[in-house]
Structures are given as structure tokens and as C-alpha cells.
Amino acid sequence: MRPSKHVLRSISKIIGKTNLTTSAPDLNAYAYDGTSSWRAVPDTVVFPSTTEQVAEIMRLAYQHEIPVTVRGAGTNLSGGSIPIAGGIVLCTTRMNKIIDIDTANFTATAETGVVLHDLNVELAKRNLFFPPDPQSFLAATLGGCVSENAGGPYALKYGVFKHYLLGIQAVLPPGEIVSLGGKTMKNVTGYDLPLLICGSEGTLAVVTQVTLRLLPAPQARQTILASFDQVVTAGKAVHRVISSGVLPAKIEIMDNWIIRRIEETTPLGLPVNAEAILLFEVDGNPIAVEDEASQIIRLCNISNATEVRKASNQQEADGFWAARRAGFSAIFGNAPTVLAEDVTVPIDKLPTLMIRVQALSRTYDIPIVLIGHAGDGNLHPCILTNQKDPQHFKKANLIAGEIFTAALELGGVISGEHGIGLEKKGFIRQALGSSLIELHEKIKSAFDPKGLLNPNKIWNQNHDHPKQTY
């Protein structure tokens, strides 16, 4: 149901007229996310600034059965924040206070509109470290990171967002405010509800505040770049390094297509003739860092790398990692539509997955760019297509389905960090099976009996909606 004028007036009284919009140009800005093939315009966008305001808005929406889609910065890559059912977009970006950084207990408490980069800046002043680092960290909000269980390059050594989530404050769909978890490192008091909500893609509750576990900042870091004449050889090198007992903080992979696009726009000294590069980072005690860097260089040489070298200084290291962060921008800037997939397989199966993806590119004659977090088996095959070319786009979607099938056959999953959202809900039954889908539906119903919070995401809760286009 669309929000009536009465409901809009009531919301305006709660948050103030300047914190609500029904203007078409403003609404259009909230009709899309980081994907390039979805669009759906909400009826209104609201900007609460307190948990209490969120609760009052949710009570109104629940009473009048209005769909609510929670949104942060909209950097997600699965259609998760697209308001496919219309209704209200509840944007949390004005809930942006860092409430407490507890240096004695290594925790931080913040509202979910806080940008991850801003939190990291404050932590660095205190020599503290929060490892989860999605590539969109310059814009991504903590709420979005919770909703997608964000990962990033550091996931190899340090894990993902759920491993640092101690507690949350949230608003349930009927409007009840709840506090779950706490500040302690251990807590088995009842079901682990914070971790159930983490990664639920905004379908269970509106998270308004989080308490996060922190670590001391590493004493030293070293970046190594290794070049290879085949993508699959790079994949085999990853397994060799990890199976040796060396655990880098990061191992990232980029193929030749990305290397060339980055060097064309921002020359950073990447080897443009390499079919693939691996970027390693080791961190920790300075002596251990030096030893692990030497071992990685030796293992890459054994694995037939064409060149291996350490970054000569921090400036060069920063340039290498800036190139990695620019990867998705380079991809999305060079195709009308991109299907940025996100599959994860056991590390020893990564070379096989890459061989199968390259074969699909040749079979369908469609470019597929390879980039990803090679160290934990999380590959992002990006299919370059054009939604306005129906035949080409149809083939691209067939490729995506075959990539998901390949990942499952290799013992992997159809999403490592981007989530299911709208992009992959057609494949969720293949991944989980009917009985687990039914269990998901029961959990959803327990939290959200009317099915109003971020409806029709992950699986078809009511009825399927056609893909929206620009």
C-alpha cells in the first residue's frame, strides 16, 4: 500500500518536513543501488535521526501495511536496497554518530549511518583496527555492512563483519525497539540474534546501532605484487601459499583486462602484459612480516610467476591497493550493463572455477572480467553486457546461471559477500533446497508477520516482480 497523505503528515511530524521527500527527482536518486540492471522508484524517502523516530515510522508503516526498504549509501551489489514494492525508503545516513570508542575494552559503538571510512579514521587516531574492509568502504555505512555481512580483502586472515559484531540495537517491523548482544567477547545467552540479523539483507529488522569488536593495529605491513602469464597459474599460486602455512592478511587477484583499464586512466605501474596479478599483504610483528614476505616471494617464483616484487615504500603499496579498489569502477565504466557476480569456492577449487568461467566467456563470446578475493576463494566474475540488447543480455544471464551452478558443483556458494537481494533470488532454491527456504520463510514471518520489511528480496515472498529497467 502507498503511504497516504495522512501517513505522510504523521511522518513529517515525527522527523520534520525537511527529512521527508516525495519529489520525483529526489525519489529517482533512491531507485537504484550499486547494480546496473535494476530500478524501482519509492513513494517517499524518509531520513530519521534517532532510533525512536525509526520506531514511530515503523509503527505507522505496520499499522497501514506500507512496505519499508531500509537503505544506507546504496553501494550494495545485489539489488538489496531497491524498493521493488514501492512504499517507504528509510534512509539511515543521518544516524551518523560514533557514540563511543572504548579503548580499554577494544569496542566501538556507533549508529548505523556512520560511514566505515569515518570510523576507521577515528580508530587510527587510537592505534585501533577494524578489519572488515569492503571495497566501497569510502561510502559504505555500518548498517549496510551489517545487512550484507560485509567482507573484503582482509577476510582471509581476519574474517568478515559477523566476526566483529558484538551487539545491536534494532527496531522490529511492528515498531518495538530491542537491544541484542552486548559488549562482551563471549555471549551464549539464548540464540545469537545479532548474527541472525547480520547478513539478512534488511529483511528482519531495522538496525540502528552496533557495537563492534576492535583489534590493536598491526605494527607493520608489507605489500607484494606477483605477475603471472595465466590466470589459472595465479590461482594455483594462491593455494600453494596458503597450504604452506603462511597466512597473508590479503590475497587479491586482477586479470589483464582490469590491469589495462586502470593503467589507461591512472598509470600506477601495473604490469600491463601480465594475464593476472596477485596482490599480497602481510601484517603483524615486523620480523614476522619480513619472513612471510620472503616466503611468499619464494612460493610465487616456484609457482611460475613471471615477476614478484615487494612494494618499495608505502606510497607504492598504497598505489597498488588503490588500483585494486578501482577495479569495479573500471569495470562498470566500460560496459552499459555489468553482472557483477560473487561466488565462493574452497580455495583448492579456485583454479577450476576460473577455467570454467573463461570457457564460458569463449563459448558465449561475451567478455567476463575476473577480479576477487583469491585468498578465501571469493571470485567476482563480471559479465560485460548491455541490457538494451535483449539477446546479449539473455546470454549474459545464462552465463551467470552457469557460474552459480559451477560454484555449487565445486562445493561453493552463490554469494560470498554481495548477498542475494534481487540479483540471485531465482537461484536460491537451487542453492538451499525447498526445506531450507521454508525455514527462512518461518524466520522471516517470526520477525515480520506482515512481510513489509524489504519485501520480495532473497526469495519470492509474495509474488515475483519483473526486472525494472531504466
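Which residues make the nonpolar surface patch of about 220 Å²?

1. In this predicted model, the patch is made by L432, L436 and L439. L439 sits in helix α16, which covers residues 434–447. Its relative accessibility is 45%, so L439 counts as partly exposed; the cut-off for exposed is over 50%.

2. Helix α13 runs over residues 350–364, 15 residues in total. From first C-alpha to last, α13 reaches 21 Å, close to the 21 Å expected at 1.5 Å a residue. Just after α13, D365 has a positive phi of about 55 degrees.

3. The buried residues of α13 are L350, P351, L353, M354, V357, L360, S361 and Y364. Their packing partners include two helices, α8 (231–243) and α14 (390–409). The strands they pack against are β13 (250–255), β17 (343–344), β18 (368–373) and β19 (378–385).

4. The protein chain has 16 helices and 19 strands. Of its 470 residues, 58% count as buried. Taking contacts between residues at least 6 apart in sequence, 72% join residues at least 24 apart.

5. Along the principal axes, the C-alpha atoms fill a box of roughly 70 × 60 × 45 Å.

6. The protein chain exposes about 19,300 Å², and carbon and sulfur atoms supply 51% of that area.

Definitions and conventions: Residues are numbered from 1 along each chain as its sequence is written. This is a predicted model: local features need pLDDT of at least 70, side-chain atom pairs count only at pLDDT 80 or more; totals for chains, interfaces and linings use all residues. Side-chain values use heavy atoms; hydrogens and water are left out. Helices (H or I, at least four residues) and strands (E, at least two) are DSSP runs, numbered from the N terminus. The expected span of a helix is 1.5 Å times one less than its number of residues. Buried means under 20% relative accessible area, exposed over 50%, partly exposed in between (1.4 Å probe, protein chains only). Contact means heavy atoms within 4.5 Å. Patches are made of residues with over 30% relative accessible area and no salt bridge: like charges are joined within 9 Å, nonpolar side chains (Val, Leu, Ile, Met, Phe, Trp, Tyr) within 5 Å. Accessible areas come from the Shrake-Rupley method with a 1.4 Å probe; for residues, only the protein chains shown count as cover. A salt bridge is a side-chain nitrogen of Lys or Arg within 4 Å of a carboxyl oxygen of Asp or Glu.
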